[in-house]
Amino acid sequence: MAKRVAIIGAGVSGLTTIKCCLDEGLEPTCFEKSDDIGGLWRFTEKVEQGRASIYRTVITNSSKEMSCFSDFPMPEHFPNFLHNTRFLEYLRLYAKHFNLLKYVQFKTTVNSVRKCQDFSTVGQWEIVRESDGTQKSSIFDAVMVCSGHQIEAYMPLESFPGIEKFKGQYFHSRDYKTPEEFQGKTVVIIGMGNSASDIAVELCQSAKRVCLSTRGGSWVMSRVYDNGYPWDTVFHTRFANLIRYFLPWPLLKWMTEQKMNQWFDHENYGLVPKNRFLMKEPVFNDDLPSRILCGAVVVKPVVKEFTETSAIFEDVTMEECVDVVVFATGYTVSFPFLNESVIKVENNRAALYKHVFPLHLEKSTLAIIGLIQPLGPIMPTSELQARWATRVFKVPKSIDELYGDKIKTRDFIDYLDELSDGSGAKPEIIPLLLKDPQLALTIFFGPCSPFQFRLKGPGKWAGARNAILTQRDHSLVASLLKIFGLFALLAAFFLSFYQH
Ligand code: FAD
Ligand code: NAP
């Protein structure tokens, strides 16, 4: 009899997880608390409790070439970066094409996931969920948690003395939807992530004044990269990854900084990340530098104190008559339906084997999908996690038995390779060079798109080769020039090293 798998959530991660279960002959049942699919990508005018909430204008910061599922390319006519309504449309097409909706129970909230009594031998779970005020409980052979991690607002009010006296309006970016009501107002935005930057750029067109208060700065990148290509199709190539891997750390740091400052010098804009060498997630915003340059957005350091009507910053400057404060301070990871003995979140991180399986479980029958936020799109990441986990479910082991090796993950591509290695889908470039040189070279020099993980192994897709070869004519000549440039740089580096 097919193993029964409970899936919590029908967003990006949940939908692809349903499909992966079906591909592996498992029997999925997906519980979704809202009345529709899409998770974060389904914009609603009102914030829904327990579901991620976005503003009307959100556009993906990962390109369509890189953000699709590996056996379902985005329609040709879709632009490279998608408005949230377009991305939701893609999810609907995916769900329809693979007939996934019939496995989803909507308006059903999972309240608890508990180990069954004989868990150490059978690895089963008891799922209690609620629908229309009625609770139900069932036993499942495995659980896949796809409940998202941008739901619970992180609002560190204790770090902002005087906020309790502040007479204006303050709220988290999760509650921001549209700019209309802020017309003519003075707004202070706390944070320098993608939410803060998007909201600042949007509000500055109608607000009286917008201050962006950052404690640590950020690298700001354009979605448009070298030669006008979407940034991630150039950044995430196996070739670039290999270079990053072999370059001496000081040289890599120097080159990264040069690249980041190529568009505009972050120093002049007061945006240099405090710990500039820790590659935290960059901000993708094509408009922010020009808004700062025009004075429409004013960059400020961290707020030291709020008074009834003003914000006093660390550099002792003051913004008076503040009407609104937006805390774009990120999110707290939580799993309210899971006991701490199963998964413990500390410093906003959960200890997971390969970012999927909770440590110390006697049986590997519970997987967390989509929790990691790589410097790359979540869609193929969640998909490969689900492909790997569903294969592990077939013969559940303890985590120690599962793999003796340590987590080797360094980068987005390394992580995808590691996961696909576990499910037999990792592309092997050297053997492929002999069999199909054109494909091998495109895989190496071109964007590391999700289709690369459908060329072989279980779940192989006949359309993968064509999808890879037609996605972009990534200039081989440009890549070869880069190789020569790199050797020249390396030679210069070692020469100067030996001279000193
Ligand atoms: P969600 O989309 O959050 O879906 C989780 C689902 O689980 C929801 O439908 C929710 O209702 C349901 N659920 C939760 N708890 C329960 C429960 N107890 N019972 C039943 N159902 C439950 N990533 C990218 O790769 N590219 C991007 O361009 C990008 N842009 C982003 C823009 C914004 C503004 C934000 C906040 C994030 C962005 N991300 C982006 C990251 C984002 O996490 C992913 O794009 C993706 O939406 C995550 O999908 P998910 O399915 O894991 O979670
Ligand atoms: P985030 O990336 O976690 O950024 C939170 C910001 O708040 C950081 O700048 C952080 O500073 C700051 N902060 C946190 N605590 C603070 C404190 N006590 N005092 C001062 N500053 C504080 O959150 P987000 O911007 O909401 O983004 C969440 C996710 O959604 C990210 O993965 C992002 O890429 C994604 N997103 C994407 C888009 C899009 O265009 N597609 C739009 C919005 C969001 P430090 O950096 O110094 O910690």
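Trainee: How many cavities of 30 Å³ or more are there?
Mentor: Keep in mind that this is a predicted model. A cavity here is space where a 1.4 Å probe fits but cannot get out. With the cut-off at 30 Å³ or more, the count is two.

Trainee: What volume does the largest cavity have?
Mentor: Volume here is the space filled by probe spheres. For the largest cavity, that space is about 70 Å³.

Trainee: Which helix gives the largest share of the lining of the largest cavity?
Mentor: Two helices, α1 (12-23) and α9 (378-394), each supply at least two lining residues. Among the lining residues are Cys20, Asp23, Arg387, Thr390 and Arg391. The largest share is three residues, and it comes from α9.

Trainee: Between which domains does the largest cavity lie, and why?
Mentor: Look at who gives residues to the lining. Both domain 1 (4-150 + 332-426) and domain 3 (234-249 + 429-500) do. The largest cavity therefore lies between domain 1 and domain 3.

Trainee: How many residues in the lining of the largest cavity are charged?
Mentor: The lining includes Asp23, Glu24, Arg387, Arg391 and Arg454. By class, two residues are nonpolar and three polar. The charged residues number five.

Trainee: How many residues in the lining of the second largest cavity are nonpolar?
Mentor: The second largest cavity has a volume of about 30 Å³. Its lining is Ser70, Pro380, Glu383, Leu384, Arg387, Pro450 and Phe453. One lining residue is polar and two are charged, while the nonpolar residues number four.

Conventions:
Residues are numbered from 1 along each chain as its sequence is written. Chains are lettered from A and ligands numbered from 1 in the order in which they are written. This is a predicted model: local features need pLDDT of at least 70, side-chain atom pairs count only at pLDDT 80 or more; totals for chains, interfaces and linings use all residues. Side-chain values use heavy atoms; hydrogens and water are left out. On a 1 Å grid over the protein atoms alone, a cavity is a set of points where a 1.4 Å probe fits but cannot get out, and a pocket is an open set with protein on both sides within 12 Å along at least five of seven lines; lining residues have an atom within 4 Å of a point. Helices (H or I, at least four residues) and strands (E, at least two) are DSSP runs, numbered from the N terminus. Ala, Val, Leu, Ile, Met, Phe, Trp, Tyr, Cys and Pro count as nonpolar, Asp, Glu, Lys and Arg as charged, and the others, Gly among them, as polar. Domain bounds come from an automatic or database domain assignment.
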